[in-house]
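Q: Can you walk me through this structure? I'm new to it.

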Amino acid sequence: LLLMGIGVFDESLSMEYLEVMKRLAYEQKLFIIIASSDYIYGTNYQFCHGYLSKDLITMTQEKIIQCFGRVGRGNKQHNYTLRLRDDRFAHKVFEPETNKIEARNMNRLFTNL
């Protein structure tokens, strides 16, 4: 896949593959990176386009915002897009979320020291 410009983030892949893929992503030599929502926080690459597929609809509001924040950093001369395959993504971003899983997990982490 890397020879075709496609990178894949997955826990089952070898560290050697992941290091090569990360280097190519940093150098902006990949056409696409396929990943689950678990890799959003660990990704700090400059993306021009973001695509959220329907199977990611269970993402939290915080993860969606983090994902959107990865797109459009860098050169102001490029075109940037966010593609949402389900309208519920937009509703999650713009409507208040009462069940903040990340905040609850952080509170639990820091209060149980």
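This is a predicted model: local features need pLDDT of at least 70, side-chain atom pairs count only at pLDDT 80 or more; totals for chains, interfaces and linings use all residues.

Q: How many helices and strands does the chain have?
A: It has four helices and four strands. Helices are DSSP runs of H or I with at least four residues, strands are E runs of at least two, and both are numbered from the N terminus.

Q: In what order do the elements run from the N terminus?
A: The order is β-α-β-β-α-β-α-α.

Q: What share of the residues is buried?
A: Of the 113 residues, 26% are buried. Buried means under 20% relative accessible area, exposed over 50%, and partly exposed in between (1.4 Å probe, protein chains only).

Q: Switching to the surface, which residues form a nonpolar patch?
A: Phe31, Ile32 and Ile34 do, with about 340 Å² of accessible area together. Nonpolar patch residues (Val, Leu, Ile, Met, Phe, Trp, Tyr) have over 30% relative accessible area and no salt bridge, and their side chains are joined within 5 Å. A salt bridge puts a side-chain nitrogen of Lys or Arg within 4 Å of a carboxyl oxygen of Asp or Glu. Areas come from the Shrake-Rupley method with a 1.4 Å probe.

Q: Where does Ile32 lie?
A: In strand E2, residues 32-34. Ile32 counts as partly exposed because its relative accessibility is 36%.

Q: And Asp86, is it buried or exposed?
A: Buried, at 15% relative accessible area. Asp86 is in the loop between strand E4 (81-84) and helix H3 (88-94).

Q: What does Asp86 touch?
A: Leaving aside neighbours within four places in sequence, Asp86 contacts Lys54 and Ile57. Contact means heavy atoms within 4.5 Å.

Q: Which residues make up the largest nonpolar core?
A: Eight: Leu52, Leu56, Ile57, Met59, Ile64, Cys67, Phe89 and Val93. Helix H2 (61-69) and H3 each give two or more residues to this core. A nonpolar core joins buried Ala, Val, Leu, Ile, Met, Phe, Trp, Tyr and Cys residues through side-chain atoms within 4.5 Å.

Q: What about another core?
A: Another core lies apart from the largest one, with six residues, among them Phe9, Met21, Leu24 and Leu30.

Terms used. Residues are numbered from 1 along each chain as its sequence is written. Side-chain values use heavy atoms; hydrogens and water are left out. Patches are made of residues with over 30% relative accessible area and no salt bridge: like charges are joined within 9 Å, nonpolar side chains (Val, Leu, Ile, Met, Phe, Trp, Tyr) within 5 Å.
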